[in-house]
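Biologist: I'm new to this one. Can you show it to me and walk me through it?

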Amino acid sequence: SLYYVAPIADDAVLLMQGSVSDRKEPLTWIRPQQKNRGKVFYTGLGHPDDFKQPPFRKLLVNAIRWSVEKND
């Protein structure tokens, strides 16, 4: 299954893309911090089986670290 979330914002950075048949959709993306706004991390992944995969868990850990990292 694939969530339909396209299009993403112009300032979003696409990290992963998925496809079903002939349709491509953003799977994982970020939006860097902007003035008076926080950072955004999104993933359409998260099926219970995904959590059994070490690379997926690493993606989540890295996303959490990135989200709390201070921008100076």
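Modeller: We'll go through a helix, a surface patch and some salt bridges. Keep in mind that this is a predicted model.

Biologist: Which residues of H1 are buried?

Modeller: Phe56, Leu59 and Ala63. Down the axis of H1, its buried residues fall within an arc of 50 degrees, so they line one face.

Biologist: What covers them?

Modeller: The cover includes strands S1 (13-20), S2 (23-31) and S3 (40-43).

Biologist: And which exposed residues are on the face turned away?

Modeller: Lys58, Ile64, Arg65 and Val68.

Biologist: Switching topic. Which residues form the nonpolar surface patch?

Modeller: Val13, Leu15 and Met16, with about 230 Å² of accessible area together. Leu15 sits in strand S1 and is partly exposed, at 46% relative accessible area.

Biologist: Now salt bridges. How many are there?

Modeller: The structure has 3. In one of them, Arg31 pairs with Asp11, with the closest N and O atoms 2.9 Å apart. Arg31 is in strand S2 and Asp11 in the segment before S1, so the pair ties together parts 20 residues apart in sequence.

Biologist: What about Glu25, buried or exposed?

Modeller: Buried, at 2% relative accessibility. Glu25 forms a salt bridge with Arg23, 2.9 Å from N to O. Arg23 is partly exposed, at 36%.

Biologist: Which residue does Lys52 meet?

Modeller: Asp49, in a salt bridge of 3.2 Å, N to O. Lys52 is exposed, at 59%, while Asp49 is partly exposed, at 41%.

Technical notes
Residues are numbered from 1 along each chain as its sequence is written. This is a predicted model: local features need pLDDT of at least 70, side-chain atom pairs count only at pLDDT 80 or more; totals for chains, interfaces and linings use all residues. Side-chain values use heavy atoms; hydrogens and water are left out. Buried means under 20% relative accessible area, exposed over 50%, partly exposed in between (1.4 Å probe, protein chains only). Helices (H or I, at least four residues) and strands (E, at least two) are DSSP runs, numbered from the N terminus. The arc is that of the directions from the helix axis to the C-beta atoms. Contact means heavy atoms within 4.5 Å. Patches are made of residues with over 30% relative accessible area and no salt bridge: like charges are joined within 9 Å, nonpolar side chains (Val, Leu, Ile, Met, Phe, Trp, Tyr) within 5 Å. Accessible areas come from the Shrake-Rupley method with a 1.4 Å probe; for residues, only the protein chains shown count as cover. A salt bridge is a side-chain nitrogen of Lys or Arg within 4 Å of a carboxyl oxygen of Asp or Glu.
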